[in-house]
There are 2 protein chains.
Amino acid sequence: MSAFELVKTDGAARRGRLATTHGLVETPAFMPVGTRGSVKGLTPDDLTGIGAQILLANTYHLSLRPGAELIAEMGGLHRFMAWDGPILTDSGGFQVYSLASMRKITEEGARFRSHLDGSEQFLTPEIAIEVQQALGADIIHPLDECLAHPASRVETERSLALTLRWALRAKAAHAKGAGGQALFGIVQGGSYEELRRRGVEETCAIGFDGYAIGGLAVGEPKPLMLDLVELTALLLPKDQPRYLMGVGTPPDLVEAVARGVDLFDCVLPTRNARNGQAFTSAGTLTIKQTRYARDPAPLDEACGCATCRRFSRAYLRHLFTVGELLAPRLLTLHNLHFYLTLMAGMREAILSGAFPAFRARFLAGYAVSSEGGLPETLQDTEA
Amino acid sequence: MSAFELVKTDGAARRGRLATTHGLVETPAFMPVGTRGSVKGLTPDDLTGIGAQILLANTYHLSLRPGAELIAEMGGLHRFMAWDGPILTDSGGFQVYSLASMRKITEEGARFRSHLDGSEQFLTPEIAIEVQQALGADIIHPLDECLAHPASRVETERSLALTLRWALRAKAAHAKGAGGQALFGIVQGGSYEELRRRGVEETCAIGFDGYAIGGLAVGEPKPLMLDLVELTALLLPKDQPRYLMGVGTPPDLVEAVARGVDLFDCVLPTRNARNGQAFTSAGTLTIKQTRYARDPAPLDEACGCATCRRFSRAYLRHLFTVGELLAPRLLTLHNLHFYLTLMAGMREAILSGAFPAFRARFLAGYAVSSEGGLPETLQDTEA
């Protein structure tokens, strides 16, 4: 069960409040990714300390190791990972698409081989719900089919229809559960405006507690992605939360909030931290570069995180150069703090009717000195 | 400069207080090892939180990367690693012995190749002091020669004489420094009682701010090690601190405190944590074992650390199984907490005249269910 309250709007941007079994989520919100039941290198206390409200965990990875049944026996995912706040799980559809080999999609479900040991796995809409019920997240999702970009209209239409039939089965399976878990629908439809419209209409006709926008950030050009987000968000019910799956860079978040999105998850802040890339108010910074070897400044002068309050770029570069365990931890903390502070800034701006100015200022500052470097848009898990 | 105050004795066990430029150290004390300027996976705040008073860093590793000159430019090691408490550095002699290849010892010093890139390095007693002055630790050491066990009497006598001549040169070099750094002497002498006696006499004749017992835990039988510790400690001046280098297991610490040792360092709690071995009040525990897969208990029911308060063995085993970054961090925190709590217990016991009972109770409880497993005594650095 979740209930969404729309607190304030500023243009299409929305300031909301999502009630879950494990507490409230002030939106727009970013969910740090804890693929295998851990946000890499950080404890729940670290996450609370930087303002994380809700985490995402991956059904596919957890069901392979340690297994949903073991987690249920240990009291569910919240207790297992010692996170008392809300958790959202995906259905595993995207991981089947992106990680698993030899997958075969039929009407019944998805048959594939584990990326770990090659063992045969079978996922149906019913099994995906059952596994997520065992994990016990606050927000769960139906199994869907993801397509790579580009896909033909015919192929996209076929896939959308399958996702919609699976969504019906997921809803029926969810209805048999104990309650307490919100079920979001996933809107597919590829890059085709008409199919996205159909995706919204038919998913909403089934009726869910919230709506995820899926199948974006899989290789399509960014302007197209934002157009599709805008189109989809405009069609979705105003009184329910909207979740853009797997997106994105800091500017992506700002642009998607401007188009009416409430929830986000992405591996960029955590994965790029492990590769030495920091997000800062002036753009990205690759700490391994020689130019930082004798730089006494923090990663971001404007940042108040524990990493920036304590450590210099010179020290962080040293930790990366010698391969110290502390290096990815400190950069992950900083990057997530940056993302979560950005979301808090947007919430504040919407509330005070200053979102357009916030958006313009952020994008101008961020663009100035961005180094580029690593690819910034990856819809993927942390494994 | 350091000043040692002997607060209380209980048999040979000593409760003391060591004053350094960066604050007091209540002894007996254990120094977590921060080989390359970081105690693996932990922040200074983590270390303060579990009661760490003083850290050890390795001159050899830091002088190769990032270089002592760079650290000096960044304001010294304390500022570089953001640790405001006392720091002790070794001279690099043990690393030259254990890590460096193609080493050649002459009267002048040690010529060897870097374990990183094979580049030729040259360390003299004067250079070792100079490098440690650049790092700026509170307690520094003269270059010494380490011998493997067993070594012949003739070889040990030759080596001891060289170490003593180097100690004289180190003292002269230290005297030219700015002050503020205590210089400890290192007592060598191998497994030969007579040579250990000579080591103590001649090192004390030179005169240092404290005395390290070196060249132990390098392969000799444990009873012999404890006998040599006892012999050496008895001969050392009562009003100065005694540091047993690179030792040891929890029982080793208790036995050495019982013989009058004040300071310890060892990589066991940190290195073994990364291999999944936890130290507990009932002995060691290898968390990767299948038997812990569904174990809801903490690592140690008697432990109050943040890891044991929050996480089950089942979760920790899962983190190790899938290779999560959080795994070594959580076990390192627990193991160091265990070591530091053990030291605090010994300090308390000595103060109240109950050390013999503490020692007997600890050793009885610890021995019962110790699994064995990993080798427990390693005098080595963390690299």
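In which sense do strand β8 and strand β9 of chain B pair, and over how many bridges? I looked up β8 (residues 110-113) and β9 (residues 120-123) of chain B, and they pair in the antiparallel sense over 4 bridges. Two strands count as paired if DSSP finds at least two bridges between them. Strands are DSSP runs of E with at least two residues, helices are runs of H or I with at least four, and both are numbered from the N terminus.

Before going on, I noted the ground rules. This is a predicted model, where local features need pLDDT of at least 70 and side-chain atom pairs count only at pLDDT 80 or more, while totals for chains, interfaces and linings use all residues. Residues are numbered from 1 along each chain as its sequence is written, and chains are lettered from A and ligands numbered from 1 in the order in which they are written.

**Entry: the sheet**

I found B:Ala110 opposite B:Leu123 in β9(B). β8(B) and β9(B) form a hairpin with 6 residues between them. In the turn, B:Gly118 has a positive phi of about 75 degrees.

Next I checked the other side of β8(B). There, 3 bridges join β7(B) to β8(B), and the two run antiparallel. B:Ser101 stands opposite B:Arg113 in β8(B).

Together I read an open sheet of 3 strands in the order β7-β8-β9 of chain B. β7 (101-105) and β9 of chain B each have a single partner strand, so one side of each lacks a neighbour in the sheet.

**Entry: a helix pair**

I moved to chain A. Helix α8 (residues 193-206) and helix α9 (residues 222-235) of chain A pack at about 30 degrees, with axes 10 Å apart. Axes are lines fitted to C-alpha atoms, for helices over the stretch in contact, and angles run from 0 to 180 degrees between N-to-C directions. That makes α8(A) roughly parallel to α9(A), a term for angles under 35 degrees.

Which residues of α8(A) make the contact? I listed A:Glu193, A:Arg196, A:Arg197 and A:Val200. From α9(A) come A:Leu228, A:Leu231, A:Thr232 and A:Leu235. Contact means C-beta atoms, placed from the backbone, within 7 Å.

**Entry: the two chains**

Chain B can be laid on chain A with an RMSD of 0.0 Å by a turn of 180 degrees and a shift of 0.0 Å along the axis. The superposition is by least squares on C-alpha atoms of residues with pLDDT of at least 70 in both copies. I wrote down the relation of a two-fold axis. In chain B, B:Leu325 comes closest to the rotation axis, at 3.9 Å (C-alpha).

Terms used
Parallel < 35°, antiparallel > 145°, perpendicular 65-115°, else oblique. Contact = placed C-beta atoms within 7 Å.
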